[in-house]
Amino acid sequence: MKQITYKIANPLGMHARPAAFVAQACVALPSQIVIKCNGKVANGDNVLQILALNAQMGSVLEISAEGGDEDAALETIRKELDNRLKSYKEASVLKIAFFGAKDYDRIFFSELARDVGEGAYNADIKYFNSRLTPETVGLAKGFDAVCIFVNDEAPRVVVETLHEFGVKLILLRCAGFNNVDLMAARECGIKVARVPAYSPYAVAEHAMSIIMCCNRRLHKAYNKVKDNNFALSGLLGVDLHNKVAGIVGTGKIGQCMARICKGFGMTVIAWDAYPNQGLVDEGLLTYVGKDELFAKSDLISLHAPLIMGPSGTYHLIDADAIAKMKNTAMLVNTARGGLIDTEALIDALKQGKFHAVALDVYEGEDANVYTDHSDDYLNNDVTARLQMFPNVVLTSHQAFFTREALQAIAAVTLENARNFNEGVDLGQAECKAN
């Protein structure tokens, strides 16, 4: 273990913005970082614990690293502190209408946005429980920006209304942006910014979790044991070792999933519209055509963006694609529901196709996402039909839902807001119409 000390000279102390950058840096480090101050202890990768240190101007941080490459890890943290605790030109406060707010959103966004002043995010957030839709867009009047999620709606009519209200920025607290009319936003002079990557590990780990749950019928086994039934009938799974994993989309999440599959002893093949030769060179995977991937794979995991149009990815998995797959194939989708033609999937399931299907996203989920319907009748036809099959597992668009991901989403979203407010280029976070 190695340790350094760092004295805080910033008038705001260890405020939210540097704390967020330090936490994000620690998530990616091979060393375990611990920060001590004022008799309190924080894990370096936990922004809320760092803020709870209450480190003021003049406080001394004791920062220790244990594990891989400790010297490099401590130097990384020192540089983050130097960069984020230096003096900045004070900016005006950006008023943000936050739609679809949940308790877990408020935990991170409220903590990170609480400081106003030199070097802070300078964001004033008003939370609305309602989703952004054509019916609720009126709530955005008087705000500079809106903050939305995957189940909010920003078609042309909403974008044009936002423009009338003087809104200049749409902040997406997610990676996908297919729910925003980017052409309308460009015509209205509204910037659109997203979170390009928050935690690819969270999504990939969830993908493997739910497909393994379905493969080994853990959802059925749990309920059987609760009913005092310890029979193994209906619970037969298959080994993943020595099977073929097909990864559709090899961005950051797809790469994480490929590494997990490799760790299970699987052979990994992949398809991507823009292959990454570096992944081939390191021996992680081999690129093949879509048809070959569908035909050879025992496990197919979807990690591609949803792109509409004749050459896009909408209904990439249709009846023809399913027909090419093995009858015993396993299919998992943690990307976008529109990648799979749900009617074609249900028809195939009725015919006994697939050993396991695990869906965190699916067409027709919008009315269900992040909403408690436990006291309602099940009136979603798609959900009801999918739940009929014993070899299907559904989760509620939760693949992203880890502490590390939530703090990254809040930090990057507020950094996008700050960059816009100060006239700084949004870089890879900006979504532009083709």
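Guide: Helices (H or I, at least four residues) and strands (E, at least two) are DSSP runs, numbered from the N terminus. With that in hand, look at α5, which is followed by Gly166, a residue whose phi is positive, near 90°. Before going on: this is a predicted model, where local features need pLDDT of at least 70 and side-chain atom pairs count only at pLDDT 80 or more, while totals for chains, interfaces and linings use all residues. Residues are numbered from 1 along each chain as its sequence is written, and side-chain values use heavy atoms, leaving out hydrogens and water.

Back to α5, residues 156-165: Val158, Val159, Thr161 and Leu162 are buried there (under 20% relative accessible area; exposed is over 50%, partly exposed in between, with a 1.4 Å probe and protein chains only). Looking down the axis of α5, you'd find its buried residues within an arc of 165°, so they line one face of the helix (the arc is that of the directions from the helix axis to the C-beta atoms). The cover over those buried residues includes β7, β8 (169-172) and α6 (182-187).

The loop between β6 (123-127) and β7 (145-148) holds Thr136. Thr136 counts as buried because its relative accessibility is 17%. Its side chain makes polar contacts (N or O atoms within 3.5 Å; within protein, one able to donate a hydrogen and the other to accept it, with residues adjacent in sequence counting only if both atoms are side-chain atoms). The side chain of Thr136 reaches the backbone oxygen of Arg131 at 2.5 Å and the backbone nitrogen of Thr133 at 2.9 Å. Leaving aside residues up to four places away in sequence, Thr136 touches Phe99, Ser130 and Arg131 (contact means heavy atoms within 4.5 Å).

β15 pairs in the parallel sense with β14 (residues 330-333) over four bridges (pairing takes at least two DSSP bridges), and Leu331 stands opposite Val357. With β16 (residues 392-394), β15 also pairs in the parallel sense, over three bridges, and here Leu359 stands opposite Leu394.
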